[in-house]
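Here are my notes on this model, point by point. Please read them with the coordinates open.

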Amino acid sequence: MATERPTDPIPSILRGRPRPGEAAIEVLLRLCGVLSIFTTIGILYVLLSQTVQFFSEVPLRDFFLDTQWTPLFADKHFGIWPLVSGTLLVSAIALMVALPLGILAAVYLSEYATPRVRGVLKPAVEVLAGVPTVVYGYFALITVTPLLQKLIPSLSGFNALSPGIVMGIMILPTIASVTEDALRAVPSQLREASYGLGASKVPTILQVVLPSAFSGIAAAIILGLSRAIGETMIVVIAAGQQPNLTFDPRESIATMTTYIVQVSMGDTPTGTLEYRTIFAVGMTLFVMTFVTNMISQRLARRFRGLE
Amino acid sequence: MQRKRSSRVGETIFKYVCLASVIIPLSLLVLLFGNVLMDGLGRLSWQFITSYPARHASEAGILPGLVGSVYLILIVGLVALPVGVGAAIFLEEYATTDAARAQYAKGPKRWFGLLWNRWLANLIEVNVANLAGVPSVIYGLLGLEIFVRVVGLGRSVLAGGLTLALLVLPIIIIASREAIRTVPRHLREAAYGLGATRWQVVREVVLPSAFPGILTGAILAISRAIGETAPIIVIGALTYITFVPECLSSEFTALPIQIFNWVSRPQPDFAINAAAGIIVLLCTVMMLNALAVLLRNHLQRRY
């Protein structure tokens with residue numbers, strides 16, 4: 001009896017004929033996958049090439065040290081900080097709304113809700129993430145701002161506060177859902193050990209479950225921050241598009257995203273310095289969201305590794 | 001005893017604070033829907049749906065926006081769906097360790113090819129994860145440079161559709177991968193045992209079983225694409241347009257852009273038009289989302 005060679009586990013008669021169709025399909029499917037790599041390369045290429053040209057005309061020092069952003073006026077200034085401060089201000093307001101609500105909502109869904117209640121409430125909360133952002137913008141401008149003006153008379157018609165609050169509602173499902181995943185990943189033995197020591201539910205949640213889920217909650221917060229930084233339409237509609245180096249939420253501000261939209265709506269010819277500013281701003285925005293996304297993914301990997 | 005009772009009260013209060021954190025955002029959602037309905041329902045009529053935008057709010061309608069949105073959705077569906085599902089099949093069926101072992105069994109010469117597939121798959125995974133977090137305006141900048149200028153499509157509905165297709169691609173890939181992953185291994189092995197090739201297994205076994213999950217992901221992606229505004233403003237969709245796009249190279253507008261245009265006008269009459277437009281947009285998006293949830297709950301096969 002012939003012995004099979006170990007390097008060739010299948011006798012050649014069973015290997016079948018060559019199938020060029022199969023190989024072609026594999027190549028085709030691989031191309032589909034590779035498109036996402038090309039998308040990333042495309043984004044980087046577009047942003048970098050235009051940004052490099054932008055910085056050949058505007059020195060880096062002006063971009064990072066000037067405190068005014070007025071590229072569309074006769075007296076041009078290219079300081080990015082008013083846009084960054086506007087972005088961070090609105091994002092901070094959004095997080096102040098979404099953090100407590102999102103985390104407590106996640107605690108309810110993961111620790112209190114029966115499977116049936118959870119089956120109703122969780123999709124309902126996810127609806128919040130499915131509402132188009134123009135609709136939230138309308139809500140901020142037409143409903144929330146007039147309401148807030150009754151409470152704070154000095155609030156201007158376009159302000160950072162109202163879009164910030166509405167954006168908080170928008171990012172809440174993101175924060176709640178990642179936090180809930182993290183809470184559910186906490187092993188039930190930890191809870192049972194805590195109950196066994198005589199602790200009731202609230203101390204168990206606050207001192208055992210939430211601290212063990214810390215990295216997941218941090219991932220949720222940072223992911224929410226990244227979403228807030230990149231959000232566009234709510235701020236375009238309700239914040240007034242005024243580059244303003246301020247941390248006063250009552251004033252009108254502009255964010256990086258609103259500037260890009262504002263320039264796109266005008267007739268700025270391609271190839272001009274004004275046109276390149278939107279790519280320089282886009283690059284700054286991309287770097288900020290990329291860094292926050294990376295941090296969030298690292299933290300999330302840590303808690304998913306626990307499972 | 002006293003202390004025990006107060007802590008029990010604390011327990012109950014905490015539970016209701018948590019419940020309130022779920023209820024408050026939901027009631028805001030109801031408030032939002034109620035507000036939009038009250039403002040816009042009176043304006044909603046057949047005339048509103050079949051008219052062009054006009055200088056007088058009461059004569060204006062959303063026809064070009066609706067038609068533009070339909071064009072965009074068709075392009076997104078035709079481009080992003082096959083490519084996204086294809087990428088997911090590659091990642092789950094061709095570049096996994098299981099697939100690697102099967103290839104190795106055919107002979108060590110294939111070893112290099114599958115190492116290359118694994119390496120490529122890792123790179124694609126990292127890319128998809130990052131692309132899912134890229135803000136939508138950035139996709140607008142990509143579309144503006146690549147599709148509008150380099151490829152030379154101009155500010156056309158095709159350029160807008162392709163931009164949105166790239167935007168929703170990560171959503172489709174992630175959802176399809178999850179759907180494919182729920183197909184149990186023994187089904188594949190049974191098919192291989194009958195002598196099926198890899199593609200036959202994918203076509204006859206994996207895709208039919210994963211179909212409901214893939215469809216759910218596709219519907220969610222389409223509903224996201226309908227509501228996206230910023231990227232197509234950036235590539236240059238017009239905000240005031242009095243014609244219906246006739247071909248793929250026509251200039252266009254879309255429903256959310258028409259709404260945005262009306263919201264940003266100071267006259268309150270146009271805000272009413274915006275509300276009526278929002279009702280149409282929300283109804284479409286919410287119906288699609290509900291359909292996706294229903295499919296997920298009822299069609300998904302349990303093994």
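1. Chain A has a radius of gyration of 26 Å in this predicted model. A compact globule of 307 residues would come out near 19 Å. The box tells of the dimensions: along the principal axes, the C-alpha atoms of chain A fill roughly 90 × 60 × 35 Å.

2. Burial next. Of the 307 residues in chain A, 48% count as buried.

3. On secondary structure, chain A has 12 helices and 0 strands. Read from the N terminus, the order of elements is α-α-α-α-α-α-α-α-α-α-α-α.

4. Contacts within the chain come next. Take those in chain A with a separation of 6 or more: 73% of them join residues 24 or more positions apart.

5. Helix α1 of chain A deserves a check of its length. It covers residues 20-57, 38 residues in total.

6. The angle is about 30°, and the site is A:Gly33.

7. Now the interface. Which helix gives the most to the side of chain A that touches chain B? In total, 72 residues of chain A are in contact with 72 residues of chain B. The helix that gives the most to chain A's side is α1(A), with 17 residues. By class, that side of chain A holds 44 nonpolar, 21 polar and 7 charged residues.

Note on methods: Residues numbered from 1 in each chain as written. Chains lettered and ligands numbered in written order. Predicted model: local features only at pLDDT ≥ 70, side-chain atom pairs only at ≥ 80, totals over all residues. Helix = DSSP H or I, 4+ residues; strand = E, 2+ residues; numbered from the N terminus. Expected span 1.5 Å × (residues − 1). Bend = angle between axes of the 7 residues up to and from the residue. Contact = placed C-beta atoms within 7 Å. Nonpolar A, V, L, I, M, F, W, Y, C, P; charged D, E, K, R; others polar. Rg over C-alpha atoms; globule rule 2.2 N^0.38 Å. Buried ≥ 20, exposed ≤ 12 C-beta atoms within 10 Å, placed from the backbone.
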